[in-house]
Amino acid sequence: MRRLALLTSTLSLTLGPAQAQEPAAAPDRDPEAMAALDTMGASMRRLRSFAVHADITSEEVLKSGQKLQFGGTVDMAVRRPDGLLAAIQSDRAGRKFFYDGKTFTVLAPKLGYYAAFQAPPTLRETMRVAAEQYGIEIPLADLFSWGEDRDQVEAIRTAFRVGSDVVNGASCTHYAVRQPLVDWQIWINEAGDSLPCKLVITDRRDAAMPQYTAVYRWTRSMRFAADHFRFAPPRGAYEIAIAAGAGKEGK
């Protein structure tokens, strides 16, 4: 979700029998919407040992303007402050990420290659290093730390409540947010946990406005074995060097 910090549609979505309408005088930053985002961020930060599954849909725009849609999943196990195991499976590729408090490893299972770097002692700092120094985007990274980086919050131009919806059987409140170059919509669980149910990001840099969608399922309390996050090379896998300085400008 680091896309939100870089970029972060239209609100003519159907909610039940009625058509969603943007408020005639939509406040730039509606206090209710901003408070809901802060509450979601606080709920995320309170999670200490948990798992999340996300069903992902992304769009790619061809030079002709035609859109292609691709599906995938993300499965993550997290133990704060020093444990991460993430598996990404898409229509085109698969990756696994391992972090055990000392080393961060990326594995391409189908290709049989892996690469690693010595990591900081916390997951938060490791996600920053992975992005800025190695150009590695860890799934859902911004969700995990939402609210800690006030610059990220201050980048919000507009935010308002759209309505209510049901996602995976849960009642969720739907909010629309605009940041420079990106729009995003977030559905937040109306139950006490206030965790995100669904996220849609629209990239306004492209006239075709491609979207990225993630629908989440959370397991809030998990127990992991001591070596759960430690990487063990699969048989036949080869280690390759990972180049520092691969991060994109502005990340």
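Biologist: Let's begin with Asp-193: is Asp-193 buried or exposed?

Modeller: Buried means under 20% relative accessible area, exposed over 50%, and partly exposed in between, with a 1.4 Å probe and protein chains only. The relative accessible area of Asp-193 is 18%, so Asp-193 is buried. A word on the basis: this is a predicted model in which local features need pLDDT of at least 70 and side-chain atom pairs count only at pLDDT 80 or more, while totals for chains, interfaces and linings use all residues. Residues are numbered from 1 along each chain as its sequence is written, and side-chain values use heavy atoms, with hydrogens and water left out.

Biologist: Thanks! Which residues does Asp-193 touch, not counting residues up to four places away in sequence?

Modeller: Asp-193 sits in the loop between strand 11 (182-189) and strand 12 (196-203); helices (H or I, at least four residues) and strands (E, at least two) are DSSP runs, numbered from the N terminus. Its C-alpha atom is 6.3 Å from that of a residue 150 places away along the chain. Taking contact as heavy atoms within 4.5 Å, and leaving out residues up to four places away in sequence, Asp-193 touches Ser-43 and Arg-220.

Biologist: What is the phi of Ser-194?

Modeller: Ser-194 is in the loop between strand 11 and strand 12, and at 12% relative accessibility Ser-194 counts as buried. Most residues other than glycine have a negative phi. Ser-194 is not a glycine, yet its phi is positive, at about 55°.

Biologist: Now the sheet, please: what is the order of its 12 strands?

Modeller: Two strands pair if DSSP finds at least two bridges between them. Strand 3 (residues 49-61) and strand 4 (residues 67-79), for example, are antiparallel over 13 bridges, and strand 4 and strand 5 (residues 83-90) are antiparallel with 8. The sheet is open, its pairing is mixed, and its order is 9-10-11-12-13-3-4-5-6-7-8-14.

Biologist: Which residues have the most contacts inside the largest nonpolar core?

Modeller: A nonpolar core is a set of buried Ala, Val, Leu, Ile, Met, Phe, Trp, Tyr and Cys residues joined through side-chain atoms within 4.5 Å. The largest has 50 residues, and helix 2 (residues 31-46) gives the most to it, with 6. Met-76 touches Phe-50, Leu-84 and Phe-144, among others. The residues with the most contacts inside this core are Met-76 and Phe-104.

Biologist: Last one: is Tyr-238 buried or exposed?

Modeller: Tyr-238 is found in strand 14 (residues 238-239). Its relative accessibility is 57%, so Tyr-238 counts as exposed.
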